[in-house]
Amino acid sequence: MEQQIVLSVRDLAVSYVTARGGMRAVNGVSFDLHRGETLALIGESGCGKSTLTLGLIGLLPRGGRVESGHVMYTDRAGTTTDALTLKGEALRRFRWAECSMVFQAALNSLNPVIRVRDMMLDTARAHGETNTAQVTKRALELFRMVRLDPERVFNAYPHQLSGGMRQRVLIALSVLLNPQVVLLDEPTTALDILTQRTIIDVLKTLRAELGISMIFISHDLSIAAEMADSVATMYAGDIVEIGRTDDMFYRPAHAYTLGLLNAVPRLSIEREHLDSIPGSPPDMISPPTGCRFHPRCAFATAICATPPPVMTFEIDHIAACHHAHQVIHAAQGLRNAHSVD
Amino acid sequence: MPTPLIELRGVHRTFKKDNQRIRVLQDIDLSVYADEILCLVGESGCGKTTTGKIIAGLLDPSSGAVLYENTPITALRRDEQAAYRRAVQIVHQDPFASLNPSHTVGQILSFPLVRHRMYKTRAEIRRRVWELLTLVDLTPPGDVVNKFPHQLSGGQRQRVSIARALTVNPRLIVADEAVSMVDVSIRISLLKTLQRLRETLGLTIVFITHDLALAKYFAWEGRIAVMYLGRVIEIGRTESIIHHPAHPYTRALIAAIPEADPSRTRSKERMMLRSEDIPTLTAIPPGCAFHPRCPYFVPTVCDRHVPVLSSVPEYEQHAACIPLAQGDRLIPYTADSR
């Protein structure tokens, strides 16, 4: 991609202190996020998706610590800084004004005792924007963009809004200060189908109108298929495969990505040969050696207990798997089987 | 048509909340036939769980009747009543809440066997518990029988829930969002287990889900009933509902669902609703409850008359939509079409 890179993550490692000892939740991951790009992080629960995003903006819960790595952020002026070195006021400014986040569970992210308007104005004020009229104008404009009735919602308390409306308020709030990057943690989980559709469409509109880059976490592959430009598969703290959405869905090279794809039904395919991934994710305190997926992997051989090679396929398509070629072959076979049906 | 195993006739159900009567189910006529898979599909608040609980006898209808093999359950003799209770079991959504955390898997599975006096000796009960665990693929049983629920993964817990439902040799299992709390990667294996049990034990399954793709996968040989705000608005064979949805609401759902296939999902035909607002159960719109959002709204018809499920010309399934039932083509509503 020729677009400029806004976020370049290198060897980011995050660990938690637990009662049983230290645990590497994110195990040295690297990726680039380009201007205007949407990246989806997929993987089972506990794979480190949320920890990774929280690590990017220094919001790890107590006991969590960035062990090493760099998060190189390039602002609109072209200045690059390592977000991990930011402290105090600089970090506070970075959050929300440059990189904001929409948290999971919209019900809990809004203060129940203040009106939406005050939440918007407070957020702007905290970042030095005191011109109430201007902030209000911007907020109303954003509400229209996310398909909310601007006047009604602006003066409402959170409990007066439905779950889908609250989620849209949070999305509007996340772009209030015109950040370059928005992180979204399961933005449509627990929403009804039609509400989910509205959120997807709203996010697409915002992306097109504001030119923001997004990283979103989803356990739902269908949303990644629809929204993302690129997809990264995470397993047990590693990004095991990353690539453009079409390559990831049609030419997966890691057995785990293939396993995930093969586990979700598609509405428009009549009879599918689906299968779950056997077993469950490893204990992160003592993960398996080599490829961490190998105890569950149908392709695994003895060599998989050694660290997998990192292989590059199409442009920007990288997978860490000893048997990538066999996986690609198997994926092709499945795809043919489905298109015959 | 064979006699249904369970039939709901004109079932209404209201709940009281803050001195308000909330109509959760209105006029439900629904038959569940032996050996079939019936999916209840709909968004939250549509009444699918309430319907499942009424089928399972865990809730009584406010009015209307529930029939077990053609006899109203209120008219069953004491022993027949007990037989009905055993015949219909439920698997709940949340395996973290539905298993007693202070009992081992072995205890959870033996209690119903003891309570219903199904076996005489401890050895027989123990053998049956092992057999049940094997049935739900929790093998070897010795590894799980002495464990507590918190020592099991979500998927394993849900298997214990299924085994518990099987203890009393039921004929029908109501699976209420039984896989929605487990990771995507292991849902299919749970569904395969259910499917295999259905075939080997001759079970009937009422499968409640909000996920149409999952319903399609699980109930391809069965039927789907789509619910909206307390009513069944469309019912028919899975294939006809998925490929040729009739009711505008079902069409909207199918158009709205993203698919795990980039080119398919991006080229899908969209359907714009007239309103994004979801009506609440305390203020259900008059006439067809979907009319304020329906793109094919016909003024003075849809907002005045409650549609009933009926056959639709050119469709195999039944739908509750007045313009469709009259054989009219659905025409997008515009403000100037009166």
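**Chains and their contact**

A: To begin, this is a predicted model. Chain B has a radius of gyration of 22 Å, which agrees with the value near 20 Å that a compact globule of 338 residues would have.

Q: What does the C-alpha trace of chain B span along its principal axes?
A: About 75 × 50 × 45 Å.

Q: And what is the secondary structure of chain B?
A: Chain B comes to eleven helices and twelve strands. Of its 338 residues, 46% count as buried.

Q: OK, over to chain A. How many helices and strands there?
A: Chain A has twelve helices and twelve strands. Its radius of gyration is 21 Å, close to the 20 Å from the globule rule for 341 residues, so chain A is as compact as a globular protein of that length.

Q: What share of chain A counts as buried?
A: That is 47% of the 341 residues. Also, among contacts in chain A with a separation of 6 or more, 66% are between residues 24 or more positions apart.

Q: Now the interface. How many residues of chain B are in contact with chain A?
A: 34 residues of chain B, and they touch 35 residues of chain A.

Q: Which elements of chain B give two or more residues to that side?
A: Those are α6 (184-201), α7 (212-218), α9 (248-256) and α10 (262-266) of chain B. The largest share, six residues, comes from α6(B).

Q: How do the residues on that side divide into nonpolar, polar and charged?
A: On the side of chain B that touches chain A, 19 are nonpolar, six polar and nine charged.

Terms used
Residues are numbered from 1 along each chain as its sequence is written. Chains are lettered from A and ligands numbered from 1 in the order in which they are written. This is a predicted model: local features need pLDDT of at least 70, side-chain atom pairs count only at pLDDT 80 or more; totals for chains, interfaces and linings use all residues. Two residues are in contact if their C-beta atoms, placed from the backbone, lie within 7 Å. Helices (H or I, at least four residues) and strands (E, at least two) are DSSP runs, numbered from the N terminus. Ala, Val, Leu, Ile, Met, Phe, Trp, Tyr, Cys and Pro count as nonpolar, Asp, Glu, Lys and Arg as charged, and the others, Gly among them, as polar. The radius of gyration is taken over C-alpha atoms; the globule rule is 2.2 Å times the number of residues to the power 0.38. A residue is buried if 20 or more other C-beta atoms lie within 10 Å of its own, exposed if 12 or fewer, and partly exposed in between; C-beta atoms are placed from the backbone.
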